[in-house]
Protein chains: 2
Amino acid sequence: MASRGDEPQWLDEQQQRAWRALLVVLNRAMPEIERTLKEHDLLSIQYGMLVALAEAPESTRRLSDLAEDANMSQSRLSHRIRDLVENGDIEVDNDTDDGRVKLARLTPKGRRRLERLAPLHVADVRRLLFDHLDERQTAALAEALGTVAGGLCDHDEFRT
Amino acid sequence: MASRGDEPQWLDEQQQRAWRALLVVLNRAMPEIERTLKEHDLLSIQYGMLVALAEAPESTRRLSDLAEDANMSQSRLSHRIRDLVENGDIEVDNDTDDGRVKLARLTPKGRRRLERLAPLHVADVRRLLFDHLDERQTAALAEALGTVAGGLCDHDEFRT
DNA sequence: CCAGAACAGTTGATGCGTCAAGTACCATCT
DNA sequence: AGATGGTACTTGACGCATCAACTGTTCTGG
């Protein structure tokens with residue numbers, strides 16, 4: 001561990017390198033990935049919603065859980081789910097147990113759409129990120145980012 | 001499932017883990033970092049512009065180079081630089097050599113602003129990312145992301 | 001030279017994300 | 001039962017990013 005200083009605590013050289021590289025990845029790779037999805041009339045946040053539903057039991061999730069998955073506000077979810085419903089990819093029903101809750105369900109049409117898009121999306125991710133990395137680097141990346149992600153989610157659970 | 005050369009090429013388990021963790025980092029850490037800057041009336045893209053200028057010789061860069069740094073469109077830069085100019089953090093002058101070009105220069109006021117904000121920004125980055133990682137993980141992250149970033153920039157330079 | 005292409009930057013319209021305010025429902029306590 | 005507070009979701013306004021269209025400047029080939 002670095003010196004637990006009282007001073008501003010700058011980033012050391014490794015941290016600086018990692019941080020700047022992360023920003024480059026965000027600024028270069030992400031827009032391109034988004035672009036491919038947008039050519040098929042989906043935002044990446046909507047793609048994520050379809051994936052979350054496809055992986056859920058009964059292809060169904062509460063809207064608030066769906067929002068939590070992607071760390072997005074309920075407002076944003078409400079806005080972005082409209083298109084998916086109008087397009088017939090998702091159906092939304094009131095929960096019979098709790099009148100406040102609504103349940104989103106992936107329709108067969110939505111699933112087909114996801115299955116059609118997934119290979120294109122994965123191809124982007126591979127081309128932009130993983131084609132540059134060997135197995136060792138990929139494992140190291142998964143471990144480091146996984147640790148950070150775990151920390152972020154734990155930390156979030158303590159928030160009020 | 002035979003491995004024929006023309007099938008979709010899914011992500012293997014490590015890649016899947018790395019990719020999902022990266023998305024979590026983006027969705028959780030980045031908004032929080034942005035939030036701190038916004039409390040001081042700066043977008044993170046504007047913070048990046050100030051940093052780029054502070055590191056440039058004469059604290060000066062061409063607008064188009066500034067846009068290239070952050071991989072943003074000239075249009076976006078044009079919109080976002082307005083506030084910085086109006087606020088006196090940056091001054092913009094025509095290049096005497098090339099009538100098309102404008103040069104952005106960080107003012108002393110802008111530099112003070114940056115120096116005031118940097119510690120807060122770094123504290124966020126440390127808290128959200130690097131406090132979760134030991135030295136080995138940080139080095140691995142820097143190496144892997146650095147490789148990806150290098151690949152992205154090289155690839156970009158070949159585009160036209 | 002000069003015509004066209006390429007480069008540098010700006011502007012305005014449109015769509016998405018954020019925020020504040022609102023409706024509706026449920027849980028708890030007295 | 002009624003009051004209070006918390007949860008789930010929607011809506012509309014506003015700010016930022018994207019895109020297309022535009023002005024103005026420099027470069028290039030004939």
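Two strands are taken to pair if DSSP finds at least two bridges between them. Helices (H or I, at least four residues) and strands (E, at least two) are DSSP runs, numbered from the N terminus. The structure is a predicted model, in which local features need pLDDT of at least 70 and side-chain atom pairs count only at pLDDT 80 or more, whereas totals for chains, interfaces and linings use all residues. Residues are numbered from 1 along each chain as its sequence is written, and chains are lettered from A and ligands numbered from 1 in the order in which they are written.

In chain A, three strands form an open sheet with antiparallel pairing and the order 1-3-2. Strand 1 (60–62) and strand 2 (90–94) of chain A stand at the edges, each with a single partner strand, so one side of each has no neighbour in the sheet. Neighbouring strands of this sheet are turned against each other by 25 degrees on average, direction ignored; for this and the other angles, axes are lines fitted to C-alpha atoms, for helices over the stretch in contact, and angles run from 0 to 180 degrees between N-to-C directions. Five bridges join strand 2 of chain A to strand 3 (residues 102–106) of chain A in the antiparallel sense. Within strand 3 of chain A, Arg105(A) is the residue opposite Glu91(A).

Two helices of chain A pack on this sheet, contact between two residues being assigned if their C-beta atoms, placed from the backbone, lie within 7 Å. Helix 2 (residues 44–55) of chain A touches strand 1, strand 2 and strand 3 of chain A, and its direction makes about 90 degrees with that of strand 3 of chain A. Helix 4 (residues 74–86) of chain A touches strand 2 and strand 3 of chain A, with its direction at about 110 degrees to that of strand 2 of chain A.

The axes of helix 2 and helix 4 of chain A come within 10 Å and cross at roughly 70 degrees. The two helices of chain A, helix 2 and helix 4, are therefore roughly perpendicular to each other. Angles under 35 degrees count as roughly parallel, over 145 as roughly antiparallel, 65 to 115 as roughly perpendicular and the rest as oblique. The crossing of helix 2 and helix 4 of chain A is right-handed; a crossing is left-handed if the near helix is turned anticlockwise from the far one by less than a right angle, and right-handed if clockwise. Helix 2 of chain A contributes Ile45(A), Gln46(A) and Met49(A) to the contact, and helix 4 of chain A contributes Arg80(A), Ile81(A) and Leu84(A). By class, the residues of this contact between helix 2 and helix 4 of chain A are four nonpolar, one polar and one charged. Here Ala, Val, Leu, Ile, Met, Phe, Trp, Tyr, Cys and Pro count as nonpolar, Asp, Glu, Lys and Arg as charged, and the others, Gly among them, as polar.

Chain B also contains an open sheet of three strands, in the order 1-3-2 and with antiparallel pairing. Strand 1 and strand 2 of chain B stand at its edges, each with a single partner strand, so one side of each is left without a neighbour in the sheet. The twist from one strand to the next averages 25 degrees. Strand 1 (residues 60–62) of chain B pairs with strand 3 (residues 102–106) of chain B over three bridges, and strand 2 (residues 90–94) of chain B is joined to strand 3 of chain B by five bridges. Ala104(B) in strand 3 of chain B stands opposite Arg61(B) and also opposite Val92(B). Helix 2 (residues 44–55) of chain B lies across strand 1, strand 2 and strand 3 of chain B, at about 90 degrees to strand 3 of chain B.

The contact between the chains takes 46 residues from chain A and 46 residues from chain B. On the side of chain A that touches chain B, two or more residues each come from helix 1 (13–39), helix 5 (108–128) and helix 6 (135–157) of chain A. Helix 6 of chain A gives the most to that side, with 17 residues.

Of the 22 residues around DNA strand C, Ser75(A), Gly99(A), Ser64(B), Ser75(B) and Ser78(B) come nearest, a residue being near a molecule or strand if its C-beta atom, placed from the backbone, lies within 6 Å of it. Of the 22 residues around DNA strand D, the nearest are Ser64(A), Ser75(A), Ser78(A), Ser75(B) and Gly99(B).
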